[in-house]
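Reader: Hello! Could you take me on a close look at the place where the two chains meet, and show me which residues are involved there?

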There are 2 protein chains.
Amino acid sequence: MKKLKRSGRLVDMTYFLLQHPHEVISLSHFSLRYHSAKSSISEDLVIVKEIFEEEGYGSLLTIPGASGGVTFIPRMNNKDATELVDKLISQLSDPERILPGGYLYMMDLLGNPRLMHEIGRLFASVLADKQIDAVLTVATKGIPLAYAVGHYLDVPVRIVRRDLRVMEGSMVSINYVSGSSKRVQTMTLARRSLTPGARVFVIDDFMKVGGTLKGMVDLLEEFDADLVAVGVLTESVGVEERLIEDYISITRLSEMNIRDRTIKIEAGNVLDKVENQQP
Amino acid sequence: MKKLKRSGRLVDMTYFLLQHPHEVISLSHFSLRYHSAKSSISEDLVIVKEIFEEEGYGSLLTIPGASGGVTFIPRMNNKDATELVDKLISQLSDPERILPGGYLYMMDLLGNPRLMHEIGRLFASVLADKQIDAVLTVATKGIPLAYAVGHYLDVPVRIVRRDLRVMEGSMVSINYVSGSSKRVQTMTLARRSLTPGARVFVIDDFMKVGGTLKGMVDLLEEFDADLVAVGVLTESVGVEERLIEDYISITRLSEMNIRDRTIKIEAGNVLDKVENQQP
């Protein structure tokens, strides 16, 4: 790359940091890339850090010294998190979304990559300091959420399957009871998906009783992996006995009357957690 | 937002443009955001444009005049595209990936959100000027690729299902012949997923005969939607009769000997298309 002025370096550096979240970048990397002294690079990073932190895009952790470096930790501040949750509440509060069985039509929202990214950033913000190694979800509707979180945490995504048509070598299967239908079902994950001791975030789009999520949590035990947290886009209240007690929810379906076609959506518990993790 | 100097504006503007690909942003938006004159904003954008275009991150289209604006079109230049394809070839060329039936184990790569993003940017680069309205894929393994492309093109993702357990209201189903197993299977897409005339990019992870992709193309007709292009991460050669003739492939499995456990991977046709679309 040719030698750049500060203005050019700031554009390129911002681009680079956004593409490499949670990765330690040495000052030498930037110094070589821009043919600039480390002291100039350090001054650039102060400017980037100030904007990122004031605007709530995330934190820029700097490791001082000759072998020092910088890490971009994506976060979302309280204001943006509240705006995002409010936007979701408004979109989910449409009675047309009511589906048989007390489910909500959400595929239009789940099909929006930019919205998934925003939700992924919100989860990644809450999980930023939890040393997550992998995100686990179940096919199909949890997948876009899982990838968005995985993107911002820079960790792999592992997908549990409910079919057995899968060609991924040796597989681990468990039976679980689907909370709503009370039927015994099977879920499967490739043996090489998780290493023992891996710290895992489990995510899905919707939780009623939590049978599917509980199945994934049980499956983690088969891999000797550790559950760090469970997340859902929408939890449904009014469930007699929930199988998952500790979780992060973005929104909450607090009332649904299928006959009258009325629906009430409110904020999940994520906003408390965003507040708690602010420095 | 408080008034910023040029250095701060450049960081924030770069962040904002990356979060809003393919969207027209008015100069007034930035002018109000930074309490700066439009002339200063225009000068800032010249700096951003220069870096983005020199480094091959994408183009910055500016619409001049009082009501003017700017649009960031993510692209990937030839050098980065070649590096990405070479990296994939090297990772895919491991004989341990050979699975029964002539398939390749790719879940580790498909499970890497950053790699998916790079591949998504490469597809989005080739498709940048094609006015895509939606990306269509089939559950499960095409989903991460579809979302990465959808992210960079800023268009929704629609997911075809092979099960019938789906609760998404009215559905459209077709039967198709799986190219490899020659069995008749069913695929289903929610009626409200695509509007007539929508311009659609169809993507999947792997293509042998192309039966699944052909099924998705046929399904588009049921929606009166238009096929713009088909993309795959890996195509397998040595197929007698391919059902899809025109497609974009990132890599090509040109030889696989299951008994000797040898494998040969080469570049797909995407690199020709990257060259062709450079300005």
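**Where chain A meets chain B**

Author: Happy to! The area buried between chain A and chain B comes to about 5,200 Å², with carbon and sulfur atoms giving 59% of that figure. Please keep in mind that this is a predicted model. In terms of residues, 61 from chain A are in contact with 60 from chain B.

Let us turn to the polar side of this interface. Between chain A and chain B the count is 10 salt bridges. One that you can look up is the salt bridge of A:Glu54 with B:Lys2, where the closest N and O atoms are 3.3 Å apart. Polar contacts across the interface of chain A and chain B number 15 residue pairs, with both partners at pLDDT 80 or more.

Which elements of chain A supply at least two residues each to the side that touches chain B? They are the helices α1 (6-19), α3 (38-54), α5 (107-110), α6 (113-127) and α7 (143-153), together with the strand β7 (157-160). Of these, α1(A) gives the most, with 9 residues. Sorted by class, the side of chain A that touches chain B holds 30 nonpolar, 12 polar and 19 charged residues.

Now for the aromatic rings. Over all chains, a search of the whole structure finds 14 aromatic pairs. In one of them, the ring centres of A:Tyr57 and B:Tyr15 are 3.6 Å apart and the planes make an angle of 5°; a pair counts as stacked when its planes are under 30 degrees apart, so this one is stacked. This pair crosses between chains: A:Tyr57 sits in the loop between α3 and β2 (58-63) of chain A, while B:Tyr15 belongs to helix α1 (residues 6-19) of chain B. Are these two tyrosines, A:Tyr57 and B:Tyr15, buried or exposed? A:Tyr57 has a relative accessible area of 6%, and because buried means under 20%, A:Tyr57 is buried. B:Tyr15, at 4% relative accessibility, counts as buried too.

Another aromatic pair belongs to chain B. B:Phe123 and B:Phe201 have their ring centres 5.6 Å apart and 50° between their planes, which makes the pair tilted. B:Phe123 lies in helix α6 (residues 113-127) of chain B and B:Phe201 in strand β10 (residues 199-207) of chain B, so this pair ties together parts that are 78 residues apart in sequence. B:Phe123 is buried at 0% relative accessibility, and B:Phe201 is buried at 0% as well.

There is also an aromatic cluster with members from both chains: A:Tyr15, B:Phe52, B:Tyr57 and B:Phe72 form one cluster.

One more residue deserves a visit, a histidine of chain B. B:His20 is found in the loop between α1 and β1 (25-26) of chain B. With a relative accessible area of 17%, B:His20 is buried, because the cut-off is under 20%. Leaving aside neighbours within four places in sequence, B:His20 is in contact with A:Arg114 and B:Ile25. The C-alpha atoms of B:His20 and B:Thr71 are separated by 8.4 Å, although the two residues are 51 apart along the chain.

Finally, a step back to chain A as a whole. Chain A has 9 helices and 13 strands, and buried residues make up 58% of its 279 residues. The C-alpha trace of chain A spans about 65 × 45 × 30 Å along its principal axes.

Note on methods: Residues are numbered from 1 along each chain as its sequence is written. Chains are lettered from A and ligands numbered from 1 in the order in which they are written. This is a predicted model: local features need pLDDT of at least 70, side-chain atom pairs count only at pLDDT 80 or more; totals for chains, interfaces and linings use all residues. Side-chain values use heavy atoms; hydrogens and water are left out. Contact means heavy atoms within 4.5 Å. Buried area is the accessible area (1.4 Å probe) that two parts lose on being put together, summed over both. A salt bridge is a side-chain nitrogen of Lys or Arg within 4 Å of a carboxyl oxygen of Asp or Glu. A polar contact is a pair of N or O atoms within 3.5 Å; within protein, one must be able to donate a hydrogen and the other to accept it, and residues adjacent in sequence count only if both atoms are side-chain atoms. Helices (H or I, at least four residues) and strands (E, at least two) are DSSP runs, numbered from the N terminus. Ala, Val, Leu, Ile, Met, Phe, Trp, Tyr, Cys and Pro count as nonpolar, Asp, Glu, Lys and Arg as charged, and the others, Gly among them, as polar. Rings of Phe, Tyr and Trp (its six-membered ring) pair if their centres lie within 6.5 Å; planes under 30 degrees apart count as stacked, over 60 as edge-to-face and the rest as tilted. Buried means under 20% relative accessible area, exposed over 50%, partly exposed in between (1.4 Å probe, protein chains only).
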